[in-house]
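Me: I'd like to go through this model with you piece by piece. Could you start with the overall make-up and then move to the details?

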Amino acid sequence: MTNLTDLGIAAIRDGFKAGDFTARDVASAFNDAVAGAKALNAFIVETPEIALAAADQADKDRASGSLKPLSGVPIGMKDLFATKDVQTTAASHILEGFVPQYESTVSGKLWNAGAGMLGKLNLDQFAMGSSNETSFFGNVISPWRRNNGDTAALAPGGSSGGTSSAIAARLVPGATGTDTGGSIRQPAAFTGISGIKPTYGRCSRWGIVAFASSLDQAGPMTKDVRDAAIMLQAMAGHDPKDSTSADIPVPDFEAALTGDIRGKTIGIPKEYRMDGMPAEIEKLWADGTAMLRDAGAKIVDISLPHTKYALPAYYVIAPAEASSNLARYDGVRFGHRAKLAHGDGITEMYEKTRAEGFGHEVQRRVMIGTYVLSAGFYDAYYNRARRVRALIKRDFDQVFEAGVDAILTPATPSSAFGLGEMAEADPIQMYLNDVFTVTVNLAGLPGIAVPTGLDAKGLPMGLQLIGRPWEEADLLNVAYSLERAAGFVAKPARWW
Amino acid sequence: MSVDHATVRKIASLARIAVTDDQVEAMVPELNNILGWIEQLGEVDTSAVQPMTAVIPNVLRLRDDVVTDGDVRDAVLKNAPQAEQGFFTVPKVIE
């Protein structure tokens, strides 16, 4: 029999439906894989009994002929989604021990679709980071290693690094991510998996620990594009509890995967050709372009002139929104409260609680956000950044109006770096990881990362496709075509 | 624009984060580095656009004015670091 943990979502769904194995077999196999992979530190909480309970329900449902779309499929949940009665921390000390009494809309939809939960996945603290080195619960380690015999621990990317590590290591067949500036696509590219950030408003943000509300979107991370389509189907849809959730129909994403992209127009933006870009990324991009051309797409050169201003605009807008969202962590209603000295009043309680509860990067962003929103600087920083954001979106609007269906770019400026290697660099060097992905959040567009090659060190590299608003189905199909042409099959050998 | 020690203390106070002298010392160059990098936004001619308010056009919906929640006091208090007799408790606020 095949090793069940090598299977993706579609294969589990179909094999379970056909009676090749039981849901309990699947859940047990993944529970064992999770229990045997502590070295990766991908999970903050493991929930084997929840996975088994969902599996037993799925086995009953199959017997009674009432299967759901994800019956028999266990998944991982990024620890940014509130899960009823299961600790939810955003990888922070300030939320350590927080046990939500409600369920996030997206996780609830996945459970209603029949999926089971293997556990809560580690991440960068409050989703702020690109390497998973800001988690209060320790670094997540990528299952990938360089092919030169060196055993240095590599970054799984961030912020959804527990998710990317767990999928690449075959601990889960798929899991949720969230993406504010690239937090689905960059870790997916670092670990040789797929991940889609849908259009802003496609998935409800209700019950997701908020970072930057105008940028945050949930999305699936999976072994391949078909699995991403299946999982996104279950996650997407209107939610009255999120006022920015779109009240528009969700198409059948899996049915859109024909692989036929003849006549589609793919734009190649010249501004994404960065100085100092590694030759391997350059070649990856050129190869991907050729694959889409060979599949019958028309390739056109395009210009997105405000691209270079996306990261600095992001590092005004995201911290501004974060400083406002994180004001709720006050040590009163939930989470950590600092021990107070005799005579301390409520202000000392707030200040000590937040100093103890927030990690360094979170404090830095809250401080930046507080500054750019403060009296006298609001116009110069915050309003200016929002104007630049409007120009970045207009760049994309104009390209789409000119007939471009999707845009092809590298997903990241390099393959995975080693944990700790960026420790001495200034924070801006780390922020540059999101240089190709952050524009997509600022413009609210759907973007997907697909693994298409290995570099000389044997590490995965990915390309990003950017689509028109609400046209995830079309975007997934272009990604499916690229995936088939690239034929990426590499997996990390088990060492953990 | 750049920040000095006093400004960093002021920001920390507005953000309600306790900082030590050493932390302030470290944060001054760190924040100035980031703010200096952000300054490049000043190169962009933004005179023809308004600050973005919604990335995807969206009309706020109204719902029926009915109670949809409530009667969950214990659930609300369950995660409080200190709760007594059905209330959140905090250090004395009024002298």
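**Talking through the model**

Reply: Read along the sequence, chain B follows the pattern α-α-α-β-β, which comes to three helices and two strands. Please keep in mind that this is a predicted model.

Me: Is chain B spread out or compact, going by its radius of gyration?

Reply: Chain B is more spread out than a compact globule, because its radius of gyration is 23 Å, whereas the globule rule gives 12 Å for 95 residues. Its C-alpha trace spans about 55 × 45 × 25 Å along the principal axes, and buried residues make up 17% of the 95 residues in the chain.

Me: And what does the radius of gyration say about chain A?

Reply: Chain A has a radius of gyration of 21 Å, which agrees with the value near 23 Å that a compact globule of 496 residues would have. The C-alpha trace of chain A spans about 65 × 55 × 50 Å along its principal axes, and of its 496 residues 61% count as buried.

Me: Switching to the interior of chain A, how many residues of helix α5 are buried?

Reply: Eight of the eight residues of α5(A), which covers residues 161-168, are buried, so the helix is largely enclosed by the rest of the structure. The buried residues run from G161(A) and G162(A) through T163(A), S164(A), S165(A), A166(A) and I167(A) to A168(A).

Me: What covers them?

Reply: The cover includes the strands β1 (43-46), β2 (74-78), β3 (116-121), β4 and β6 of chain A, together with helix α6 (185-191) of chain A.

Me: Are the faces of β6(A) covered or open?

Reply: Both faces are covered, with Q217(A), G219(A) and M221(A) buried on one side and A218(A), P220(A) and T222(A) buried on the other.

Me: Now helix packing: at what angle do α9(A) and α11(A) cross?

Reply: The axes of α9(A) (residues 310-325) and α11(A) (residues 360-372) come within 7 Å and cross at roughly 95°. That makes α9(A) roughly perpendicular to α11(A).

Me: Which residues of the two helices meet?

Reply: From α9(A) the residues are V316(A), P319(A), A320(A), A322(A) and S323(A), and they meet R365(A), V366(A), I368(A), G369(A), T370(A) and V372(A) of α11(A). By class, this contact has seven nonpolar, three polar and one charged residues.

Me: Last topic, backbone geometry. Which peptide bond is cis, and where does it sit?

Reply: The bond from G158(A) to S159(A) is cis, with omega near 10°, and S159(A) lies in the loop between β3 and α5 of chain A. After α5(A) comes R170(A), with a positive phi near 65°.

Me: What about D85(A) and D71(B), where are they and are they buried or exposed?

Reply: D85(A), in the loop between β2 and α4 (105-112) of chain A, has a positive phi near 65° and counts as exposed because it has 11 C-beta neighbours inside 10 Å. D71(B), with a positive phi near 55°, is in the loop between α2 and α3 (73-77) of chain B, and its 7 C-beta neighbours inside 10 Å make it count as exposed. Most residues other than glycine have a negative phi, and most peptide bonds are trans.

Conventions
Residues are numbered from 1 along each chain as its sequence is written. Chains are lettered from A and ligands numbered from 1 in the order in which they are written. This is a predicted model: local features need pLDDT of at least 70, side-chain atom pairs count only at pLDDT 80 or more; totals for chains, interfaces and linings use all residues. Axes are lines fitted to C-alpha atoms, for helices over the stretch in contact, and angles run from 0 to 180 degrees between N-to-C directions. Helices (H or I, at least four residues) and strands (E, at least two) are DSSP runs, numbered from the N terminus. Angles under 35 degrees count as roughly parallel, over 145 as roughly antiparallel, 65 to 115 as roughly perpendicular and the rest as oblique. Two residues are in contact if their C-beta atoms, placed from the backbone, lie within 7 Å. Ala, Val, Leu, Ile, Met, Phe, Trp, Tyr, Cys and Pro count as nonpolar, Asp, Glu, Lys and Arg as charged, and the others, Gly among them, as polar. The radius of gyration is taken over C-alpha atoms; the globule rule is 2.2 Å times the number of residues to the power 0.38. A residue is buried if 20 or more other C-beta atoms lie within 10 Å of its own, exposed if 12 or fewer, and partly exposed in between; C-beta atoms are placed from the backbone.
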